[in-house]
Amino acid sequence: MVVALLAVTIGGIAVISTRLVHQEIRRLEVDVRVPAASTPPHDAATLAAFARERHVDAVLFDAQRHLIAATIHPARMELSGEDTLTIVDGATKRMIRGGLHVAGGGHLFLLPKDDLPTPRSALDRAFVWIFSIAALVGIAMAVAIARWIANPIERLTGATRRMERGDLTVRVEPGGGPELAALAHGFNAMAAALDRNEALRRRMVTDVAHELRAPLTNIRCELESMQDGLTAATPERIASLHEETMHLARLVDDLQTLSLAEAGALEIAPQPVSVAALVRRASASVATDGPPDLVVMADPTRTVQILTNLLTNATHYSDDVRVSWRRDGGEARIDVIDRGPGIAAEQLPHLFERFYRVDPSRARHTGGAGLGLAIVKQLVQAQGGRVWAESEVGVGSRFSFTLPVVRSS
């Protein structure tokens with residue numbers, strides 16, 4: 001397309017400029033003079049020999065401006081003024097000035113032979129060379145530009161096909177200008193997100209299997225032991241089985257809540273509610289600090305669930321836990337603060353991921369299934385808020401989230 005555009009543009013310029021220059025050349029006056037030492041002819045008998053000897057064409061007029069003889073025969077020739085010959089031949093018009101006076105008052109005009117080089121033919125050749133070189137340079141530049149644009153697109157196409165075959169680790173090198181570079185960066189970001197989501201999906205399947213396997217194994221072993229008569233169905237063993245069953249039920253409920261929240265199908269019923277009342281409903285035993293009249297627009301049940309999850313997580317690591325809240329612009333910021341062992345900085349970005357546990361052993365006594373903070377994140381975002389964590393090893397942790405404040409009328 002670029003080559004075709006250049007060809008049409010250069011060809012059009014060549015044709016138009018050539019015609020304009022030819023038109024201007026036809027208006028030029030040609031001055032052809034006979035050398036002073038020559039003796040010009042004065043009749044038709046000597047005109048042909050004179051012109052042949054000097055390799056020119058000649059036109060002879062008498063004193064009354066009548067054409068006597070000529071070695072050329074154009075459509076029209078006429079003598080204007082004292083020394084100007086006008087020759088019209090088709091679309092060509094030439095004016096020859098400087099005619100020589102001959103015997104009897106006649107006028108002789110000499111012209112270059114048609115087969116001799118003329119300014120127009122030389123100019124045509126120059127135009128041909130100029131526009132040919134310009135066309136070659138333009139085509140070379142067009143090919144270079146096309147390759148410069150096409151190479152990144154080809155790399156992007158190849159990477160897309162590799163991704164289609166399941167290779168989510170593929171990345172492309174940005175190039176080909178800012179627009180294509182931005183497209184490559186966007187593709188790399190998309191590929192990284194897909195790769196990360198696929199890794200999370202695989203890890204989630206593994207984590208779900210792990211979380212379900214432990215209680216199911218305990219229940220099966222207890223039941224098989226009772227069936228074989230090795231143990232008796234004592235109230236303690238029945239209570240243990242009930243605890244394992246409740247753990248499975250909570251895990252299934254958490255997974256369902258998380259799935260609905262991520263799909264945007266979780267039912268949220270926001271209404272004006274006092275932050276202090278929400279904190280008291282979540283736990284009446286922790287220290288609190290905040291204005292009693294701060295009202296937010298939130299779903300009370302879901303917000304109490306958020307606070308409960310955060311407080312359960314905090315009290316698991318520390319006995320010194322408190323909740324504070326304050327107004328921050330159009331939002332209410334609520335902080336759950338503990339004086340526990342703290343969390344390493346490299347783990348903070350992953351705290352709100354599904355099944356993420358600070359303890360890699362995933363022992364039950366060090367925490368739950370790893371869904372509590374993921375549910376907190378989804379419930380906060382579903383109500384138009386933000387959630388984050390700050391921590392310092394050896395000092396403690398602060399889990400914060402925001403909710404929209406009710407605007408006063």
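How many salt bridges does a search of the whole structure find, and which residues do salt bridges with shared partners join into one network?

Tutor: Because this is a predicted model, local features are described where pLDDT is at least 70 and side-chain atom pairs count only at pLDDT 80 or more, whereas totals for chains, interfaces and linings use all residues. Residues are numbered from 1 along each chain as its sequence is written, and side-chain values use heavy atoms, with hydrogens and water left out.

The search of the whole structure finds six salt bridges, a salt bridge being a side-chain nitrogen of Lys or Arg within 4 Å of a carboxyl oxygen of Asp or Glu. Two of them meet at Asp335, whose side chain pairs with that of Arg333 at 3.0 Å, N to O, and with that of Arg326 at 3.8 Å, N to O. Arg333 counts as buried because its relative accessibility is 14%, where buried means under 20% relative accessible area, exposed over 50% and partly exposed in between, with a 1.4 Å probe and protein chains only. Arg326, at 40% relative accessibility, counts as partly exposed. Through salt bridges that share partners, Arg326, Arg333, Asp335 and Arg398 are joined into one network.

Asp335 itself is placed in strand S13, residues 331–338; here helices (H or I, at least four residues) and strands (E, at least two) are DSSP runs, numbered from the N terminus. Its relative accessibility is 2%, so Asp335 counts as buried. The pairing with Arg333 can also be described as a polar contact between the two side chains, at 3.0 Å, since a polar contact is a pair of N or O atoms within 3.5 Å in which, within protein, one must be able to donate a hydrogen and the other to accept it, and residues adjacent in sequence count only if both atoms are side-chain atoms. Leaving aside residues up to four places away in sequence, Asp335 touches Arg322, Val323, Ser324, Arg326, Arg398, Phe399 and Ser400, contact meaning heavy atoms within 4.5 Å. Asp335 and Val387 are 52 residues apart in sequence, while their C-alpha atoms are 9.8 Å apart in space.

Ser397 belongs to strand S15, residues 396–404, and with 7% relative accessibility Ser397 counts as buried. The side chain of Ser397 makes a polar contact with the side chain of Ser391 at 2.8 Å. Beyond four places in sequence, Ser397 touches Val336, Ile337, Asp338, Gly342, Ile343, Glu390 and Ser391.

Phe401 and Leu351 touch the most other members of the largest nonpolar core, which has 46 residues; a nonpolar core is a set of buried Ala, Val, Leu, Ile, Met, Phe, Trp, Tyr and Cys residues joined through side-chain atoms within 4.5 Å. With residues up to four places away in sequence not counted, Phe401 touches Ile306, Leu307, Leu310, Ala332, Arg333, Ile334, Val380, Arg386, Val387 and Trp388. Apart from this core lies another one, of eleven residues, including Met77, Leu79, Ile96 and Phe109. In soluble globular proteins, nonpolar side chains tend to be buried together.

At 30% relative accessibility, Arg237 counts as partly exposed.

For the setting as a whole, the protein has eight helices and 15 strands, and buried residues make up 35% of its 409 residues. Among contacts between residues at least 6 apart in sequence, 59% join residues at least 24 apart. The protein exposes about 24,000 Å², of which carbon and sulfur atoms supply 58%, with accessible areas taken from the Shrake-Rupley method with a 1.4 Å probe and, for residues, only the protein chains shown counting as cover.
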